[in-house]
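Here are my notes for a colleague who is opening this model for the first time. Please keep the structure in view while reading.

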Amino acid sequence: MSRFLTCLNAQTVVDRLHKKGLVDEKGAQEIGATVQKLSAERELPVYLRILSGIGAVIATGCLMGFLGITGVISLKSSIECVLWGTLFIANAIVLLKRAEKSGVTANSFLMQLSFCSMGVGKTLFVLAAGTADIWRHFEIWPLALTLAAVTAVTWPFYRLSIDRFASSFGVLMLLFAALFDDRSFNVSVSSLLMNALVMAEIAAAAVIFTSGRVARDWRPLGYALLSSLAVKVSMISFGIFEHSYSSGIGLSAGVVSIMLAITLVGLIGWAADGLDKLREGPLSLACLGALLLAALGQPGLLFSIILMVLGYARHDRLLLIAGALVMPVFIWAFYYHMKVTLLVKAGIMVLSGIVLLSGWAYMAARNLNKELEIC
Amino acid sequence: MHTVSHAAIPLDKIPANRQMLEELRARNLLSPQAHADALEMIHPPRNWGLWVSRLLLGLGVTLVLSGIVYFFAFNWAAVPDFAKFGLIITGFIGCVASACLVGLDRVTGQMLATSAGVLVGVFLAVFGQVYQTGADAWNLFAAWAVLIVPMALAARNAPLWAVFAVVSNIGIALYWDQIVAAGWRLDIVIFTVLAIFNTVLLAARELLAEKMEWLAARWTRGALLLPTIAFTAVAPFDFFTSSRGWNGLENDSTGLYAMISAVMLGGFFCFYRKVKPDMHALAATALACCLVLETAVYRFLREGFGFDEAGFLVLTLGAATIALFGGAVVWLRKTARIIETEALHV
């Protein structure tokens, strides 16, 4: 797989553009300076972020457990929770500032402590919001809105990508849970809002991942949006909403599939550098395939293809691997939930396999699958 | 986490990707023509074609094979036994012959060889259905694994070895469940056995990868290492979390399996640090060790030091978590730098 990810560097691209006369000497220097400026702040590798994130989440749980068990802070008092929450968040920001000026050892421990402190602070704020109602009747809206507000306020000061990702993901999941749980809405309004939330998430993710105008700082939000979409698509694919369909509440597989199919068509157009390119033969076929998948009402397959196309187009190994891993799961879910006999399922599988192999044969016959050495 | 500031990185060390082009375009540093040209440089349409065609081939073959498995699992009485065997054997011979014709070094040939390997299992399953051999399920998987080996050796094909690894793991687990200890009574032992078996496969992969290009793909290491680490971590987890006493009075060999696992994890650290440096493998091993040590700290606090007061127990556990995971991150960051430096000097 790695051979498909980028092997060109910025210098080579600038040199080639300069040689072709598409960029003059001054422009090349300006491009070089901009690229260096944008790349000056590098993130730690993903494996380190995952490792430290898991550690910080466990430590946050332990610290919250300590506060809850010992009663050092009364978790039933909104004021106490807000005060202590503010202190913990301030502490997290100070620790992060110190971490930035420290060597590797101190930096790693301080970042870990800082993230843990931020986790406790945000949890206390969420508890404060829920305290008023939590012991009488459970309301999710205040929790979602409070976490959203705290995340928005701390966003400019607190630049840990794992915190931004986790907090944004938490907000999105709480918003969805609030919509699902809220019985004050009319059933159809509730479903409409849920589908609108999915549409907004798709649109926001599309802007973050495809526009050059959006700063790299927003990428954790992009990953949170994709993760939130993955949860919703999984819920549809595994029939979680089937029981609630009787009451009319839930995401519509058809509507979400149409939204994802439109997204995939747009994504193919973006990857090909312009929607006008979609008129070309192979790309038209790809779009037709996306619409066919939408007709099957299977958002999981569309979503996994979107992840893979986006990952490949952006040279983003994480998205590419995620798409490849979830695809077999969604294929399995699709056939498992099909309400037909094993024999019919077998027939459908073989036929759909043959359709895909025909696509492969078409590409081979037209020599569309020959690799071009770019390095 | 987390951002780390660096001094200006040389341009030839910055990968050129789509994000970079979009950012330059948004700042009007690239004209539409330059943007289109640069895009074609990093993503030629022909390479997109190759990627899509491989996706179609992989998915298509998977679906057709799954359909065949489902079809024979249905055990359709209307199809005579002779026809069933005939279909599978024809499919098998067709796959093998086509793979030889196309060439085993091409992706298509590899897919055909893998399909032939899967059809061997289908044949054995149908054989069991038709002749009602009464054999346990582990027999099917064991025979399947044994029959794949010569094919995989001849085909020099990583996906076929992946099928072998999956089939043999299932075979071993079923053998344990059906013959050695019915009802998973010796679950820790089987996890250690699976860990050792997969470590042997991993060792073979590492040993041969330099000589055999088809085995050198990174995914082959990850696909073997991750389940191996997961199986290896089960015994120490059980040792630290089970309710057994540590007074030495109970005749229990859990400690022995935990020690075997500890030696194996140590081996992974040494190997992927000294012999074949790989930060991802080291991080996965470090994560498993941190989680195991976390349970160890909990157990020691509860039983070793008699921490009965729950509040201070969780607080100490939280501090230990920061120390463990923070320590692992520090070690990995320093190791990454050393490995980078070593790579520059080679």
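**Notes on the model**

1. Chain A has 375 residues, and buried residues make up 43% of them. Buried means that 20 or more other C-beta atoms, placed from the backbone, lie within 10 Å of the residue's own. This is a predicted model, in which local features need pLDDT of at least 70, side-chain atom pairs count only at pLDDT 80 or more, and totals for chains, interfaces and linings use all residues. Residues are numbered from 1 along each chain as its sequence is written, while chains are lettered from A and ligands numbered from 1 in the order in which they are written.

2. Confidence in chain A comes next. Its mean pLDDT (the predictor's confidence in each residue, from 0 to 100) is 86, and 92% of its residues reach 70 or more. Where pLDDT is low, predicted coordinates should not be read in detail.

3. Chain A holds 15 helices and one strand. These are DSSP runs numbered from the N terminus: helices are H or I with at least four residues, strands E with at least two. The C-alpha trace of chain A spans about 70 × 65 × 30 Å along its principal axes.

4. Look at helix 11 (residues 253-271) and helix 13 (residues 299-314) of chain A. Their axes come within 9 Å and cross at roughly 20 degrees. Helix 11 of chain A is therefore roughly parallel to helix 13 of chain A (angles under 35 degrees count as roughly parallel, over 145 as roughly antiparallel). The residues of this contact divide into 16 nonpolar, two polar and no charged. Contact means C-beta atoms, placed from the backbone, within 7 Å. Ala, Val, Leu, Ile, Met, Phe, Trp, Tyr, Cys and Pro count as nonpolar, Asp, Glu, Lys and Arg as charged, and the others, Gly among them, as polar.

5. The axes of helix 6 (residues 137-155) and helix 7 (residues 158-180) of chain B come within 8 Å and cross at roughly 155 degrees. The two are therefore roughly antiparallel to each other. Their contact residues divide into 20 nonpolar, three polar and no charged.

6. How many residues does each chain give to the contact between chain A and chain B? Chain A gives 90 residues and chain B gives 83. On the side of chain B, helix 3 of chain B supplies the largest share, 19 residues. That side divides into 50 nonpolar, 20 polar and 13 charged residues.

Definitions and conventions: Axes are lines fitted to C-alpha atoms, for helices over the stretch in contact, and angles run from 0 to 180 degrees between N-to-C directions. Angles under 35 degrees count as roughly parallel, over 145 as roughly antiparallel, 65 to 115 as roughly perpendicular and the rest as oblique. Two residues are in contact if their C-beta atoms, placed from the backbone, lie within 7 Å. A residue is buried if 20 or more other C-beta atoms lie within 10 Å of its own, exposed if 12 or fewer, and partly exposed in between; C-beta atoms are placed from the backbone.
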